[in-house]
Amino acid sequence: MSWLEIFGWFFAFTIATSLFYRKGVKAGIRHAIKTLDLDAIQTEILNNELKKDSHELAMTAGKEYSKNETLLN
């Protein structure tokens, strides 16, 4: 197997994983909205949170977690 074949398989795997991840996230969101029976305001809040960058969400979650940890101790 040449390095070109290895790169091709790696690239194909990365593309497929990305597509299936996005499809799964969309299906999960759709399922949550139907199951939780959210009203218009709650749906708007959910949409605003989902539009945020993943790095921004991780930083916010980390700050909230550290704040809760200090409150519990």
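A residue is called exposed when its relative accessible area is over 50%, and buried when that area is under 20%. The legends below use these words for a predicted model.

**Figure 1. Overview of the helices in the predicted model.** The protein contains three helices and zero strands. Read from the N terminus, the order of its elements is α-α-α. Of its 73 residues, 0% count as buried. The protein exposes about 6900 Å², and carbon and sulfur atoms supply 66% of this area.

**Figure 2. A nonpolar patch on the surface.** The patch is formed by Trp-3, Leu-4, Phe-7, Phe-11, Ile-15 and Leu-19. Together, these residues have about 730 Å² of accessible area. One of them, Leu-4, has its place in helix α1. Leu-4 has a relative accessible area of 54%, and therefore counts as exposed.

**Figure 3. The aromatic pair of Phe-7 and Phe-11.** The count of aromatic pairs comes to one, under the rule that ring centres lie within 6.5 Å. This pair joins Phe-7 and Phe-11, whose rings are 6.2 Å apart, centre to centre. The angle between their planes is 20 degrees, and the pair is stacked. The reason for this term is the cut-off: planes under 30 degrees apart count as stacked. Both residues lie in helix α1, which covers residues 3–36. Phe-7 and Phe-11 are four residues apart, about one turn of the helix.

**Figure 4. A positive patch on the surface.** Four residues, Arg-22, Lys-26, Arg-30 and Lys-34, form a positive surface patch. Arg-22 has its place in helix α1. With a relative accessibility of 55%, Arg-22 lies over the cut-off of 50% and so counts as exposed.

Figure 5. Asp-37 has its place in the loop between α1 and α2, the latter being residues 40–51. The phi angle of Asp-37 is near 50 degrees, a positive value in a residue other than glycine. Most residues other than glycine have a negative phi. The relative accessible area of Asp-37 is 65%, so this residue is exposed.

**Figure 6. Ile-33 and Leu-46.** Ile-33 lies in helix α1. Its relative accessible area is 28%, between the limits of 20% and 50%, and Ile-33 is therefore partly exposed. Along the chain, Ile-33 and Leu-46 are 13 residues apart. The C-alpha atoms of Ile-33 and Leu-46 are separated by 9.2 Å.

Definitions and conventions. Residues numbered from 1 in each chain as written. Predicted model: local features only at pLDDT ≥ 70, side-chain atom pairs only at ≥ 80, totals over all residues. Heavy atoms only, no water. Phe/Tyr/Trp six-rings, centres within 6.5 Å; stacked < 30°, edge-to-face > 60°. Helix = DSSP H or I, 4+ residues; strand = E, 2+ residues; numbered from the N terminus. Patch = residues over 30% accessible without salt bridge, like charges linked within 9 Å, V, L, I, M, F, W, Y side chains within 5 Å. Areas by Shrake-Rupley, 256 points an atom, 1.4 Å probe, with all protein chains shown as cover. Salt bridge = Lys/Arg side-chain N within 4 Å of Asp/Glu carboxyl O. Lys, Arg positive; Asp, Glu negative; His and termini not counted. Charge placed at Lys NZ, Arg CZ, Asp CG, Glu CD. Buried < 20%, exposed > 50% of the residue type's maximum accessible area, 1.4 Å probe, protein only.
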